[in-house]
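User: Please examine the helix packing and the backbone geometry of the model shown here.

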Amino acid sequence: MFEQFAGQPGLATAWFLVIGFFWIGYVVLDGFDLGVGMLMGRIFARDDREQRVLLNTIGPVWDGNEVWLVTAAAATFAAFPHWYAALSSGLYLPLTLALIALILRAVSIEYRGKGSSEAWSRRWNAITAWSSLTIAFLIGALLSITATGLPLNDNGDRVGGLLSWLSWQAVLGGLGMVGFCLIHGLAFVALKTDGPVRERAGALLVRALPAGVLPLAALVVVVQLATGSTLSWLCTCLAVMSVAAAWLAGTRRREGWSFAGMAGFAALGLLAVFTAMYPAVLPTTLAGAPDLTITSASSSPYTLTVMTWVAGFGVPFLLAYQSWTYWVFRRRLRAEQLPSGGDHADLTTMPTRAGA
């Protein structure tokens, strides 16, 4: 099962797995608050107070969740500079659009409560929803391209025009991430709220889950059929079992288990993709050109050693801090508990615990 790891550089392999861990953390954690952001329109939330409930569910954690994206990018830059260079140059347009969407989303969340008119709130709600959808689509496209490849020549440079990255695999990955984030967001809303919002999110989760996760599941299977190994196929099967458990828990209104099942689906699905593409970090779609691998793309052993010592202190701190944050803000929210004005409630005094 582990033959593909034999003979590969130890530190480079370890950092490939660490970067995969950072991406899994980002998709699992920021995935649900991107989904909540997409739900900020009036189609799901029926009035301003319900929209504020949605915003308050992610208010204490959304910016911390984005740390995982920054950490994944920084680790790639330091551990695999050739991988980072090929991605950043080959995906210049989508990465720029994703950065703009990230800025707009942060501004919209912070600025929504700075005005007093309905038009003001409605405008920022729309920006939150559309920027969240854009981020999810572009991140999904990026991860899909990383697994399926870019047209790279022998020097690792992209061949083709500005839209040469836009393949059917990229579109499938983008749609898959949008669908997953919506379902994951519904699972989180059902877990973190009470009252009509909770009931509506739970019912919609059960109805929408099969169609919502289908594109991402299809992408994982596409990658497995191309480069899958025994280990990656095992992860794929476990991912399918996890999402099935999430749906079953949703039908029984076991919100905690449903949310955990969706998180497991994302984690195991991404693990399947990363293990399938290994030891390549960015395949090429050009015949005869070499893939970028952990050997050809990695930094020197000295650099990886220093990074390992730094990560040994930094990663446990990150995990401890975020675990503490989620524990402190673990209570459910009800629309009636929010004050009549403003966007922020005292999230530490909510009486009902979010249970499984």
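The questions and answers below concern helix packing and backbone geometry.

This is a predicted model, in which local features need pLDDT of at least 70, side-chain atom pairs count only at pLDDT 80 or more, and totals for chains, interfaces and linings use all residues. Residues are numbered from 1 along each chain as its sequence is written, and side-chain values use heavy atoms, with hydrogens and water left out.

User: How are α8 and α11 oriented to each other?
Analyst: Helices (H or I, at least four residues) and strands (E, at least two) are DSSP runs, numbered from the N terminus. The axes of α8 (residues 168-192) and α11 (residues 255-277) come within 8 Å and cross at roughly 155 degrees; axes are lines fitted to C-alpha atoms, for helices over the stretch in contact, and angles run from 0 to 180 degrees between N-to-C directions. Angles over 145 degrees count as roughly antiparallel. The two helices, α8 and α11, are therefore roughly antiparallel.

User: How many charged residues are in the contact of α1 with α4?
Analyst: Helix α1 (residues 10-38) and helix α4 (residues 67-79) pack at about 160 degrees, with axes 8 Å apart, which makes them roughly antiparallel. Among the residues in contact are Trp-15 and Trp-23 of α1 and Trp-68 and Leu-69 of α4. The division is 12 nonpolar and three polar, while the charged number is no residue at all: no charged.

User: Is the crossing of α1 and α11 left-handed or right-handed?
Analyst: The axes of α1 and α11 come within 10 Å and cross at roughly 150 degrees. A crossing is left-handed if the near helix is turned anticlockwise from the far one by less than a right angle, and right-handed if clockwise. The crossing of α1 and α11 is right-handed.

User: At which residue does α9 bend?
Analyst: Helix α9 (residues 196-227) has 32 residues. A bend is the angle between axes fitted to the seven residues ending at a residue and the seven starting there. In α9 this angle is about 55 degrees, with Pro-210 following within four residues, and the bend lies at Ala-208.

User: Which peptide bond is cis?
Analyst: The place of Pro-279 is in the loop between α11 and β1 (280-282). With omega near 10 degrees, the cis bond is that from Tyr-278 to Pro-279.

User: What is phi of Arg-253?
Analyst: Arg-253 is found in the loop between α10 (230-251) and α11. Its phi is positive in a residue other than glycine, with a value near 60 degrees.

Conventions
Angles under 35 degrees count as roughly parallel, over 145 as roughly antiparallel, 65 to 115 as roughly perpendicular and the rest as oblique. The expected span of a helix is 1.5 Å times one less than its number of residues. Contact means heavy atoms within 4.5 Å. Ala, Val, Leu, Ile, Met, Phe, Trp, Tyr, Cys and Pro count as nonpolar, Asp, Glu, Lys and Arg as charged, and the others, Gly among them, as polar.
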